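Welcome! Take a moment to look over the chain and turn it around before reading on.

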Amino acid sequence: MDLDGDGKVTEDELEQFLQRKGIDDQHRSTIVQELFQKCDDDGSGSIELVEFVHHYVETKNQLV
């Protein structure tokens, strides 16, 4: 997903990734919007690995 290799995923990079996976426009937009609202903790406009992992572990713990 990290097309420029900077260790972060931008909305555009995520959008392109989902498009390559065949996700339609409407669902892509919703997924990107919701993921960034949930995971972009510092409001930088990108999701860093530490932000993603934090929310992944939090969600996993809620399911257990």
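Here is a short tour, from the overall layout to the details.

This is a predicted model, where local features need pLDDT of at least 70, side-chain atom pairs count only at pLDDT 80 or more, and totals for chains, interfaces and linings use all residues. Residues are numbered from 1 along each chain as its sequence is written, and side-chain values use heavy atoms, leaving out hydrogens and water.

**The overall layout**

- The chain has 3 helices and 2 strands; these are DSSP runs numbered from the N terminus, with helices (H or I) of at least four residues and strands (E) of at least two.
- Starting at the N terminus, the elements follow the order β-α-α-β-α.
- The C-alpha trace spans about 30 × 25 × 20 Å along its principal axes.
- Of the 64 residues, 20% count as buried; buried means under 20% relative accessible area, exposed means over 50%, and partly exposed lies in between (1.4 Å probe, protein chains only).
- Accessible areas come from the Shrake-Rupley method with a 1.4 Å probe, and for residues only the protein chains shown count as cover.

- Helix α1 covers residues 11-20, and its buried residues include E13, L14 and L18. They sit on the same side of α1, because they cover an arc of only 130 degrees around the axis; the arc is that of the directions from the helix axis to the C-beta atoms.
- The buried residues of α1 pack against β1 (8-10) and α2 (25-39).
- After α1 comes G22, which has a positive phi near 90 degrees.
- The largest nonpolar core has 7 residues: V9, L14, L18, V32, F36, C39 and I47. Such a core is a set of buried Ala, Val, Leu, Ile, Met, Phe, Trp, Tyr and Cys residues joined through side-chain atoms within 4.5 Å.
- Helix α2 gives the largest share of this core, 3 residues.
- Apart from its neighbours within four places in sequence, V32 is in contact (heavy atoms within 4.5 Å) with E11, L14, E15 and L18.

**Salt bridges**

- Side chains of opposite charge can pair when their charged atoms come close.
- A search of the whole structure finds 2 salt bridges; each is a side-chain nitrogen of Lys or Arg within 4 Å of a carboxyl oxygen of Asp or Glu.
- One joins R28 and E15, at 2.9 Å from N to O. This pair links distant parts of the chain, with R28 in helix α2 and E15 in helix α1, 13 residues apart.
- R28 is buried at 7% relative accessible area, while E15 is partly exposed at 24%.
- The other joins D25 and R28, at 2.4 Å from N to O. Both lie in helix α2, 3 residues apart, which is about one turn of the helix.
- D25 counts as exposed, at 53% relative accessibility.
- Through shared partners, the salt bridges join E15, D25 and R28 into one network.

**Helix α3 and the surface**

- L49, F52, V53, Y56 and V57 form a nonpolar surface patch with about 480 Å² of accessible area together. Patches are made of residues with over 30% relative accessible area and no salt bridge, joining like charges within 9 Å and nonpolar side chains (Val, Leu, Ile, Met, Phe, Trp, Tyr) within 5 Å.
- Y56 lies in helix α3, residues 49-63.
- V50 also lies in helix α3, and V50 is exposed at 61% relative accessible area.
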